[in-house]
Amino acid sequence: MSDASTEPRRRRAGAVRLYAALVALAAAAAFASLSVGAADLGEEALRQTLLSLRGARLVGASLAGAALAAGGVLVQGLFRNPLASPSILGTTAGAALGGQLALLLVQGLGLGIGFSPEMALPLGCLAGAGLSLLILLVFLRATDDLLALLLTGFILGSLFLSLGGFITSLAQDDWQLGRAVVAFSLGGLGGVGWGQVLAALPLFAVGLVAAWGWGRPLDLLLAGEDEARTLGVDVRVVRTWTAVWVSALVAAAVALGGNVAFVGLIVPHALRPFAGVAHRRLLPAAALAGAVFVAGCDVLARAIPSRGEVPLGVVTGLVGAPIFLWLLIRARREERGDV
Amino acid sequence: MSERVDEARAPAPAVRARGLTVRRGARAVLEDVELEAARGEVLALLGPNGAGKSTLLRALAGLLPLAEGHLELAGGPLAAMAPRERARALAYVPQRSLLRSALLVEEVVAQGRYAHGRALGGLQGRDAEAVDRALAEVDALAFRGRAFPRLSVGEQQRVLLARALATEAPLLLLDEPTAPLDIAQALATFDLLRRLADAGRAVVAAVHGLDAARQFADRALLLHAGRVAASGPVEEVVAPEPVRRVYGVELLEGAALGFRREGEGA
């Protein structure tokens with residue numbers, strides 16, 4: 001009995017430690033992000049402008065990271081699979097394609113008058129992410145097959161990347177449009193200003209709050225469709241809406257930082273041992289950790305000596321790919337030990 | 001005791017199935033099954049492997065589309081119920097959960113409260129009480145803070161039962177609840193099911209052991225190749241003639257080993 005009564009207290013203390021650590025890391029990342037860069041903060045005249053630019057970039061990076069990590073938590077619950085993530089399932093690629101199309105239509109062809117490219121980009125990303133998840137949900141009724149899930153996601157991702165390449169080549173006719181599309185495709189927060197942050201903010205906020213609200217039915221889905229159904233979950237409704245929230249989150253992230261890989265995969269993974277797997281406890285912690293991770297990677301992207309700036313997607317990829325490989329090997333080993 | 005007397009005593013059965021037929025492709029895996037269970041009674045579903053016990057339970061839980069037939073719960077026809085309404089009317093305990101994520105035991109049991117309160121709301125005081133009560137009932141309070149996948153199969157079974165109890169549904173459907181348990185655990189589980197029935201629930205359980213069914217069930221339904229081979233009071237179903245017909249073995253009255261939990265009725 002004493003074991004049972006000390007348990008909640010122990011868990012609360014663990015949560016306090018986790019959030020204290022995350023907040024400390026966030027403060028460090030914020031400080032580094034504001035002070036690291038090509039220009040010198042010492043010059044009084046430029047200081048205000050520089051801080052505003054870097055501030056927008058910091059907030060953009062944090063929002064993108066939080067959105068991708070939260071999106072990762074959601075797709076892992078949706079497909080009952082800890083190896084799923086928005087980038088592995090092709091959702092980020094779909095959002096990127098949607099964004100490229102939006103740039104082409106609005107900036108290139110002048111369609112959608114009244115829409116600034118800043119506004120059109122998140123909406124295009126939303127449509128692209130939603131479409132890619134829809135395709136995945138339609139093709140994969142039985143989602144317990146990890147291989148089928150990863151392969152379908154890989155094929156979708158490749159398809160979207162090729163289509164994106166095609167759009168990029170189309171866009172080269174117009175120099176300015178070409179630059180915008182290429183910069184967006186490479187991923188990176190270099191051009192993010194307060195305008196882009198404000199345009200992506202509603203998608204992010206709606207996605208995150210709604211995702212937290214849907215935490216309980218998502219927990220139930222972890223036990224499989226049959227059990228969830230007998231416990232009162234309308235499985236189709238929960239899946240559909242979860243896909244909508246994932247689309248909103250991924251669209252916000254891609255509109256800000258382009259196609260940034262691996263965040264949605266490794267952040268939820270790293271957090272589960274500390275925050276637990278229940279969605280309402282995992283989501284806020286994962287969002288905070290995702291913000292820290294991407295803001296940190298963005299500092300690295302600026303600090304690594306190179307001719308321009310190393311694209312953000314390159315940094316998260318370099319950090320994330322080995323971690324993903326390690327997770328895959330560990331999961332296979334556990335699977336073999338299990339059966 | 002005749003069927004008619006039973007029905008007269010329990011005016012509204014917790015579940016009533018008429019002409020239940022389930023097809024897999026063109027093949028009928030259940031055909032024309034009639035079933036009824038009232039509050040206060042334990043109904044054992046018997047039959048050889050592949051006879052359709054699990055299929056029947058899944059159909060009763062509303063997890064399989066019916067090709068034909070009618071399924072009625074205390075609150076009305078099952079087909080007309082919304083998912084959450086259905087979850088308050090019946091609780092289903094699978095043979096093994098597909099849950100592999102490290103949810104804590106109390107979080108798993110709290111899943112039984114999803115159908116109560118608002119779908120997107122949190123747990124209320126009443127929910128927490130129901131969770132505590134259910135944990136106590138299956139004697140699982142000691143490991144409420146542990147991760148579900150790290151429990152032994154027997155402990156997991158008790159947690160799944162607690163989750164079903166937390167729903168406070170009047171109808172319990174259990175798929176071979178004692179299959180992963182040793183004999184002492186199995187007896188304890190049957191005792192618990194008996195007590196739950198006596199407290200006013202209807203318990204429908206697929207059971208492998210004919211001896212256990214004889215000991216703990218009030219009535220039995222014997223399935224053979226998807227059809228009802230015998231149905232009625234358990235001593236009439238677990239009897240030489242139906243057992244020979246379905247299993248092809250002789251029933252030897254009073255010849256089997258018997259077991260009893262310690263300190264009970266001695």
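Two exercises with worked solutions follow, based on a predicted model.

**Exercise 1.** Determine the strand order of the open four-stranded sheet in chain B, and identify its edge strands.

*Solution.* 
1. The strands of this open sheet in chain B follow the order 2-1-4-5, and their pairing is antiparallel.
2. Strand 2 (27–37) and strand 5 (76–77) of chain B each pair on one side only, which makes them the edge strands.
3. Strand 1 (residues 15–24) of chain B is joined to strand 2 of chain B by seven bridges, the two running antiparallel. Within this region, B:Arg23 has B:Ala28 of strand 2 as its bridge partner.
4. Helix 2 (residues 53–60) of chain B lies across strand 1, strand 2 and strand 4 (68–73) of chain B, at about 115° to strand 1.

**Exercise 2.** Characterise the interface of chain A and chain B by its residues, buried area and salt bridges.

*Solution.* 
1. Chain A contributes 27 residues to the contact and chain B contributes 38 residues.
2. About 2,600 Å² is buried between chain A and chain B, with 57% coming from carbon and sulfur atoms. Of the area that chain A buries against chain B, 26% is supplied by A:Arg216, A:Thr230 and A:Leu231, more than by any other three residues.
3. Three salt bridges are counted between chain A and chain B. A salt bridge links the side chains of B:Arg163 and A:Glu227, at 2.6 Å from N to O.
4. On the side of chain A that touches chain B, the residues comprise eleven nonpolar, four polar and twelve charged.

Technical notes
Residues are numbered from 1 along each chain as its sequence is written. Chains are lettered from A and ligands numbered from 1 in the order in which they are written. This is a predicted model: local features need pLDDT of at least 70, side-chain atom pairs count only at pLDDT 80 or more; totals for chains, interfaces and linings use all residues. Side-chain values use heavy atoms; hydrogens and water are left out. Two strands pair if DSSP finds at least two bridges between them. Contact means heavy atoms within 4.5 Å. Axes are lines fitted to C-alpha atoms, for helices over the stretch in contact, and angles run from 0 to 180 degrees between N-to-C directions. Buried area is the accessible area (1.4 Å probe) that two parts lose on being put together, summed over both. A salt bridge is a side-chain nitrogen of Lys or Arg within 4 Å of a carboxyl oxygen of Asp or Glu. Ala, Val, Leu, Ile, Met, Phe, Trp, Tyr, Cys and Pro count as nonpolar, Asp, Glu, Lys and Arg as charged, and the others, Gly among them, as polar.
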